[in-house]
Amino acid sequence: MAEMKSKIAILILASVTGLCALSIVQAYLINNTYELRKDAFIEETIEAVTVIDDHLTKIDSIRSEWRDTMLEIVAGHKQGHVTRDSILYYFQLKTDSLNGDFIAAFQEELTKGGFNPLMKFQKKVLTVILVEEAGNDTLYSSTNNQESYLLGQQFTGEGTKISGSTSYSEYSFDNEISGESVPDMIKVNFETETLINIEGWERVVLEEMVGLLVLSIAIFLFVFGVLFYSIRNLIAQKKIAEVKTDFINNISHEFKTPLATLTLATGMLKTNSAKKQPLEETVAIVERQNKRLQKLLNQVLDNSMSHNEIVLDKREVDATDYFQTVLKDFMLSHKGENVVLTQELSLGEKSILIDPFYLTTALLNILDNAVKYNTGEIALNFSASTKERLQITLQDNGIGIASKELKSLFEKFYRVGNKQVHEVKGLGLGLFYAEQIVKAHDGTIVITSKVGEGTTVTMELPINHPI
Ligand code: ADP
């Protein structure tokens, strides 16, 4: 049995480890899928934005217009029409005036392509440098300025840079120097970058994966459930097998003595040794052993009935009379044993509606147990009283029952599995049958106990149950 127990422990350990390993692999795969989807999603979006940014004529023309105006403003500065401080002001003015169209064009294209509406994009100016022979003149640098010129939408957070460019633009114009028109040219270096920001993209990716996640969790729960169910079944089966083995051992043990005696008796009959032992005596032995065997078999057959197989023949009996008779018979059968019984019968003149035959069997079963599972002087306290129901209590000072055994006592063939107890004969049917009888009477039976101190059995039955 210990071997079986450790086998089950190994099985549980192996299953749990396997399940954990499986979960780790599953989590790893799901995480991988998430990362892949995330990358694919970002890449797809970047590609779409780049295509729009590079190839859409509307965007292109807005960009050219912006650039041309910038160049004109810088040329104006060179001609002295625009002060240096106003350059940035005009930049801003132009940028703002174009931005509405820019956003609209971009958005339209994104919607057409079915892209995420949460996506925001912006084209940011980093530096504007006027390149001259004498040296470069930085007109604007985003690092020195709080505000920046941008086409597109504002967004909080970093954003993902999808491209950056530096371009030189040349612009020719007629400069008026001392009243004369002289062709002149400026070279301007624009540095820009394009950024996108997809708000809540994690949610978008997760939403795409929701089916996969739900399926994984469902499969996990299913496997876990099947495993749990199988192991629970296995343990239950094991317990049944143990109980049955115990029962077979017990009953074989009980059969051994009468069978051996019968063999002896038949041997005597065969050799006809009537001189040594009169025939009647041998026959009496055979009869006695035969009865014993029959009683054993009947015990198994009768005491195995479940409460819905028991057909009660209820009668109205005087309660005090009934219990006194049962207890008197019980004491008679234990004459000469060390049994002291105190009885408290507070039943008055009440009569109860019971099946006396069955209820007596149940009472004798618990009374016999109180004597059987006791090692010293046996002191029993039997009380019966009626309030709304009939309450019967039997208290003993026996060996007691460990609390973990209490829930199994009423199971068929169950016996407490400790050596000291097993020296006492029994088939594990007494309490099973007592409970079935009480149930057939619509009553309840409860056992409380403490090892070394004793056991209390309490039965409660309805007094006048309608037939
Ligand atoms: P059996 O007496 O044939 O073993 P029962 O069904 O009557 O079967 O009892 C089941 C088990 O409960 C017994 O094996 C015994 O260990 C325990 N038991 C029953 N009654 C008592 C009691 N009064 N004191 C201690 N143990 C008890």
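Which side chain meets that of glutamate 193 in a salt bridge?

The partner is lysine 161, at 3.6 Å from N to O; a salt bridge is a side-chain nitrogen of Lys or Arg within 4 Å of a carboxyl oxygen of Asp or Glu. Because glutamate 193 lies in strand 5 and lysine 161 in strand 4, the pair ties together parts that are 32 residues apart in sequence. Glutamate 193 counts as buried at 13% relative accessibility, whereas lysine 161 is exposed at 51% (buried means under 20% relative accessible area, exposed over 50%, partly exposed in between, with a 1.4 Å probe and protein chains only).

## Basis of the model

This is a predicted model, in which local features need pLDDT of at least 70 and side-chain atom pairs count only at pLDDT 80 or more, while totals for chains, interfaces and linings use all residues. Residues are numbered from 1 along each chain as its sequence is written, and side-chain values use heavy atoms, leaving out hydrogens and water.

## Strand pairing

Strand 4 (residues 160-177) and strand 5 run antiparallel and are joined by 17 bridges; two strands pair if DSSP finds at least two bridges between them. Strands (E, at least two residues) and helices (H or I, at least four) are DSSP runs, numbered from the N terminus. Tyrosine 171 has isoleucine 186 in strand 5 as its bridge partner. In the hairpin of these strands, serine 178 takes a positive phi near 45°.
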